[in-house]
Amino acid sequence: MKTHLLRSSSSLAFARRALRVLLLSALLGLIAGHGLADEHWRDLHEAVRSGRLVALPEILDWLEARYEGHVLEVELERDDGRPVYEIEMLGPQGQVVEFEFDAESGELIGMEGVNIDGMRRNEEAQ
């Protein structure tokens, strides 16, 4: 039972760190262009609330359950017209890996980096 509680708090801490990165990015966007950034933020919130986009904490929970590391950066980009979460992580051996998720389905669609297997949690490495 303690393991489950530790994992839950670890997952929550992981999500909070990533959310801080996303909020900081949004804040910088607000400073750069207050009106446009504010409207964009509202549109993103509505897309998540209505189910058109998968909420970032769900993506981060999935990632944290399968890969070790710390989130360095989170971006929501458009790739060929579709929204994509790009999440950059620092692995336990210092490797930097970028994970790409389809923001509408939550599906992992790409990974780039060195020694990605070195970041897989034990149950995933087998």
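How many salt bridges does a search of the whole structure find? In this predicted model, the search finds 4 salt bridges, and the close-up views below take up several of them together with other local features.

**View A. The salt bridge between R49 and E46 in helix α2.** R49 pairs with E46 through a salt bridge in which the closest N and O atoms are 2.7 Å apart. Both residues belong to helix α2, which spans residues 34-49, and they are 3 residues apart, about one turn of the helix. R49 is exposed, because its relative accessible area of 59% is over 50%, whereas E46, at 29% relative accessibility, counts as partly exposed.

**View B. The salt bridge between E64 and R121.** The closest N and O atoms of E64 and R121 are 3.3 Å apart in this salt bridge. The pair links distant parts of the chain, 57 residues apart, with E64 in helix α3 and R121 in the loop between β4 (108-113) and α4 (122-125). E64 counts as buried, since its relative accessibility of 6% is under 20%. Side chains of opposite charge can pair when their charged atoms come close.

**View C. The buried face of helix α3.** Helix α3 covers residues 56-66, and within this helix L56, I59, L60, L63 and E64 are buried. When α3 is seen down its axis, these buried residues fall within an arc of 130 degrees, and they therefore line one face of the helix.

View D. The side chains of R120 and D117 meet in a salt bridge, with a distance of 2.8 Å from N to O. R120 counts as partly exposed at 22% relative accessibility, while D117 is exposed, with a relative accessible area of 53%. N115 is placed in the loop between β4 and α4, and its phi is near 55 degrees, a positive value in a residue other than glycine. With a relative accessible area of 39%, N115 is partly exposed.

**View E. A negative surface patch that includes E73 and D80.** The patch is formed by E73, E77, D79 and D80. E73 is found in strand β1, which runs over residues 70-79, and this residue counts as partly exposed at 32% relative accessibility. D80 is found in the loop between β1 and β2, where D80 is exposed, with a relative accessible area of 79%. The backbone of D80 has a positive phi of about 55 degrees, although this residue is not a glycine.

**View F. Y85 in strand β2 and its separation from I109.** Y85 lies in strand β2, which comprises residues 82-90. At 5% relative accessibility Y85 counts as buried, because this value is under 20%. The C-alpha atoms of Y85 and I109 are separated by 9.8 Å, and the two residues are 24 residues apart along the chain.

Terms used: Residues are numbered from 1 along each chain as its sequence is written. This is a predicted model: local features need pLDDT of at least 70, side-chain atom pairs count only at pLDDT 80 or more; totals for chains, interfaces and linings use all residues. Side-chain values use heavy atoms; hydrogens and water are left out. Patches are made of residues with over 30% relative accessible area and no salt bridge: like charges are joined within 9 Å, nonpolar side chains (Val, Leu, Ile, Met, Phe, Trp, Tyr) within 5 Å. Accessible areas come from the Shrake-Rupley method with a 1.4 Å probe; for residues, only the protein chains shown count as cover. Lys and Arg count as positive and Asp and Glu as negative; His and the chain ends are not counted. The place of a charge is taken as NZ of Lys, CZ of Arg, CG of Asp or CD of Glu. Helices (H or I, at least four residues) and strands (E, at least two) are DSSP runs, numbered from the N terminus. Buried means under 20% relative accessible area, exposed over 50%, partly exposed in between (1.4 Å probe, protein chains only). The arc is that of the directions from the helix axis to the C-beta atoms.
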